[in-house]
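Please have a look at the sequence and the structure first.

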Amino acid sequence: MGRWEPNARERLAEAALELYSERGYEQTTVAEIAKRAGLTERTYFRHYADKREVLFDGSGSLQELFVNAVAEAPESAAPIDAVAAGLEAVGTVFVDRREHSRRRQAVIVANAELQERELIKLSSLSAALTDALRRRGVSEPAASLTAEAGVAVFKVGFERWTADPGDRTLARAIRESLTELKALTAGS
């Protein structure tokens, strides 16, 4: 291995996504990911706990952004509108990440273990949003229902965005999904 180079974490993430896309998740080892990135296995494990987590690296930051936006929504906002503020904030994160998101989504959809990890991350997001809504004074079951609805809107919007061959933004796909949910719940 050569001397230290910057961006090890990003290089590992890109190498993993490339290899998972080329060979499949199960057929790729951490050693191969590290080699493709020009790093060692030890360096890989300094950054990621396992070979799955490399695909979910940003979920903590995404959750924090979402929760903070919900917490900072105007006090007068209805619970779903506070969650909508969080959805808008999240939509901005992916502005230049469409192709990466498509590749990542394809890898996850092709593997049950990764789908399970994705569901765990979404469940964690829902719990954090529920707590944020409770801190805003939203009682149960409204807090849990609104948080789950917000996560469902994000998930459906994200899937629609990655599958869309057009130029629709993630923020727009999320807004459209939220509008559809509101129409359904209003009985329209």
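Let me begin with D164, which, once its neighbours within four places in sequence are set aside, is in contact with R98 and R102, where contact means heavy atoms within 4.5 Å. This is a predicted model, in which local features need pLDDT of at least 70 and side-chain atom pairs count only at pLDDT 80 or more, while totals for chains, interfaces and linings use all residues. Residues are numbered from 1 along each chain as its sequence is written, and side-chain values use heavy atoms, with hydrogens and water left out.

Where does D164 lie? D164 sits in the loop between helix 8 and helix 9 (170–186), helices being DSSP runs of H or I with at least four residues, numbered from the N terminus. Is D164 buried or exposed? With a relative accessible area of 14%, D164 is buried, because buried means under 20% relative accessible area, with exposed over 50% and partly exposed in between, for a 1.4 Å probe and protein chains only. The side chains of D164 and R168 are joined by a polar contact of 2.9 Å, that is, a pair of N or O atoms within 3.5 Å, of which, within protein, one must be able to donate a hydrogen and the other to accept it, and residues adjacent in sequence count only if both atoms are side-chain atoms.

Now to the helix packing. Helix 6 (residues 98–109) and helix 8 (residues 142–163) have axes that come within 9 Å and cross at roughly 105°, the axes being lines fitted to C-alpha atoms over the stretch in contact, and the angles running from 0 to 180 degrees between N-to-C directions. Helix 6 is therefore roughly perpendicular to helix 8, since angles of 65 to 115 degrees count as roughly perpendicular, under 35 as roughly parallel, over 145 as roughly antiparallel and the rest as oblique. On the helix 6 side the contact involves R98, S101, R102 and Q105, which meet F158, E159, W161 and T162 in helix 8.

Helix 6 also packs with helix 7 (residues 112–135), at an angle of about 115° and with the axes 6 Å apart, so helix 6 and helix 7 are roughly perpendicular to each other. Here R104, Q105, V107, I108 and V109 of helix 6 make the contact with L114, Q115 and E118 of helix 7.

Methods: Helix = DSSP H or I, 4+ residues; strand = E, 2+ residues; numbered from the N terminus.
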